Amino acid sequence: MAASNSGGGGGPISAEAAAALGEGIKLVFGRWTALQMAVENQWGGRDSRAKADQFGESIHSWFCRSRGPHYFEDLVDMMYENISDSFNADFEDNSVEEVAEQLLIIHEECMQSNYSSIERLRNSHVQGNAVSQSRQIVIAPLAILGIL
């Protein structure tokens with residue numbers, strides 16, 4: 001987990017940084033195994049891809065429109081809520097926390113016009129599982145668990 005609970009201050013984000021942040025979110029989401037499984041298996045219904053895209057857009061908006069600081073716990077809570085609401089699932093593999101940490105780092109770097117993390121993601125050849133690639137993934141659709 002991040003050493004800090006904060007993802008930076010609340011200053012305005014430039015158009016260039018906002019565009020880079022949006023790309024970074026898409027790159028991270030594209031490598032997030034649990035999310036990709038939810039989309040591919042249509043846990044959110046036929047519009048699972050659209051729901052995943054909207055999920056990324058809501059995080060982008062949270063970073064760009066809300067005044068900071070952006071706290072890790074707030075981001076994680078928002079992500080778990082979205083996953084539950086959109087995909088009727090609970091990702092129990094700690095990937096939500098890993099992804100939230102990555103996104104906070106990318107946001108902080110973008111605020112400093114540093115796009116090195118995004119560049120590394122862009123140039124990486126890992127296909128679909130950069131996050132939680134070495135862990136056994138434990139994902140349970142809530143309906144299977146009898147929660148819904």
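Me: How much of the chain is buried?
Reply: This is a predicted model. Of the 148 residues of the protein chain, 42% count as buried.

Me: And the surface, how much of that belongs to carbon and sulfur atoms?
Reply: Carbon and sulfur atoms hold 48% of an accessible surface of about 7800 Å².

Me: How many helices and strands are there?
Reply: The protein chain has six helices and two strands. Read from the N terminus, the order is α-α-α-α-β-α-α-β.

Me: What share of the contacts comes from residues 24 or more positions apart?
Reply: Such pairs make up 77% of the contacts with a separation of 6 or more.

Me: On to packing. How do helix 4 and helix 5 cross?
Reply: The axes of helix 4 (residues 72-87) and helix 5 (residues 95-111) come within 9 Å, and the crossing angle is roughly 130 degrees. Helix 4 and helix 5 are therefore oblique to each other.

Me: Which hand does that crossing have?
Reply: The crossing of helix 4 and helix 5 is right-handed.

Me: Which residues meet there?
Reply: Helix 4 brings Phe72, Leu75, Val76, Met79, Tyr80 and Ile83. From helix 5 come Val96, Glu97, Val99, Ala100, Glu101, Leu103 and Leu104. By class, the contact of helix 4 with helix 5 has eleven nonpolar, no polar and two charged residues.

Me: What about helix 1 and helix 6, what's the angle there?
Reply: Helix 1 (residues 15-30) and helix 6 (residues 116-123) pack at about 45 degrees, with their axes 10 Å apart. That pair, helix 1 and helix 6, is therefore oblique. The crossing of helix 1 and helix 6 is left-handed.

Me: Who touches whom in helix 1 and helix 6?
Reply: In helix 1, the residues are Ala20, Leu21, Glu23, Gly24, Leu27 and Val28, and they meet Ile118, Leu121 and Arg122 in helix 6. By class, this contact of helix 1 with helix 6 has six nonpolar, one polar and two charged residues.

Me: Where is Asn88?
Reply: Asn88 sits in the loop between helix 4 and strand 1 (89-91). Asn88 is partly exposed, at a relative accessible area of 33%.

Me: And Ser113, what is its phi?
Reply: Phi of Ser113 is near 55 degrees, also a positive value. Ser113 lies in the loop between helix 5 and helix 6, and at 49% relative accessibility Ser113 counts as partly exposed.

Notes:
Residues are numbered from 1 along each chain as its sequence is written. This is a predicted model: local features need pLDDT of at least 70, side-chain atom pairs count only at pLDDT 80 or more; totals for chains, interfaces and linings use all residues. Side-chain values use heavy atoms; hydrogens and water are left out. Helices (H or I, at least four residues) and strands (E, at least two) are DSSP runs, numbered from the N terminus. Buried means under 20% relative accessible area, exposed over 50%, partly exposed in between (1.4 Å probe, protein chains only). Contact means heavy atoms within 4.5 Å. Accessible areas come from the Shrake-Rupley method with a 1.4 Å probe; for residues, only the protein chains shown count as cover. Axes are lines fitted to C-alpha atoms, for helices over the stretch in contact, and angles run from 0 to 180 degrees between N-to-C directions. Angles under 35 degrees count as roughly parallel, over 145 as roughly antiparallel, 65 to 115 as roughly perpendicular and the rest as oblique. A crossing is left-handed if the near helix is turned anticlockwise from the far one by less than a right angle, and right-handed if clockwise. Ala, Val, Leu, Ile, Met, Phe, Trp, Tyr, Cys and Pro count as nonpolar, Asp, Glu, Lys and Arg as charged, and the others, Gly among them, as polar.
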